Amino acid sequence: MGIRLINIGFGNIVAANRIVAIVSPESAPIKRMVQEARERGMLIDATYGRRTRAVIVADSDHIVLSAVQPETVAHRLTNKDQLEPNEK
């Protein structure tokens with residue numbers, strides 16, 4: 001069983017097994033969570049200057065910002081699960 005990787009946009013990739021949640025950045029609690037992660041040095045901004053559309057929470061307390069919609073990231077995660085090779 002290898003590490004499954006998910007493309008989160010612009011060639012950036014995260015380990016699928018480390019993802020806890022994929023959420024929209026609009027709510028106040030999520031904005032606070034992003035700001036706290038920035039202050040702690042646990043924020044990874046993978047938006048390349050574009051608008052943040054998804055906030056990915058990792059089990060290591062890292063927060064990853066992505067310019068891809070949360071539904072798109074979740075869809076890629078789901079497809080990756082279904083297309084797992086050599087698990088027969």
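**Helix H1 lies across strands E3, E4, E5 and E6 in this predicted model.** The helix runs at about 115° to E6. H1 covers residues 28-40. At 1.5 Å a residue, its 13 residues should span 18 Å, and the end C-alpha atoms are 18 Å apart, which agrees. Gly41 follows H1 and has a positive phi, near 80°.

**The buried side of H1 carries Ile30, Val34 and Ala37.** These three cover an arc of only 65° around the axis, so they sit on the same side of H1. An α-helix has 3.6 residues a turn, so residues three or four places apart point the same way. Strands E3 (19-23), E4 (43-46), E5 (54-58) and E6 (63-66) are among the elements that cover the buried residues of H1.

**The other face of H1 is exposed at Lys31, Arg32 and Glu39.** This face is turned away from the buried side of the helix.

**Four strands form an open sheet in the order E3-E5-E6-E4.** The pairing is mixed. E3 and E4 stand at the edges. Each has a single partner strand, so one side of each is left without a neighbour in the sheet. From one strand to the next, the twist averages 20°.

**Inside the sheet order, E5 pairs with E6.** The two strands are antiparallel and share 4 bridges. Ala54 has Ser66 in E6 as its bridge partner.

**E1 and E2 form a hairpin.** Strand E1 (residues 5-9) and strand E2 (residues 12-15) run antiparallel, joined by 4 bridges. Gly9 stands opposite Asn12 in E2. The hairpin has 2 residues between its strands. Phe10, in the turn, has a positive phi of about 60°.

Methods: Residues are numbered from 1 along each chain as its sequence is written. This is a predicted model: local features need pLDDT of at least 70, side-chain atom pairs count only at pLDDT 80 or more; totals for chains, interfaces and linings use all residues. Side-chain values use heavy atoms; hydrogens and water are left out. The expected span of a helix is 1.5 Å times one less than its number of residues. Buried means under 20% relative accessible area, exposed over 50%, partly exposed in between (1.4 Å probe, protein chains only). The arc is that of the directions from the helix axis to the C-beta atoms. Contact means heavy atoms within 4.5 Å. Two strands pair if DSSP finds at least two bridges between them. Axes are lines fitted to C-alpha atoms, for helices over the stretch in contact, and angles run from 0 to 180 degrees between N-to-C directions.
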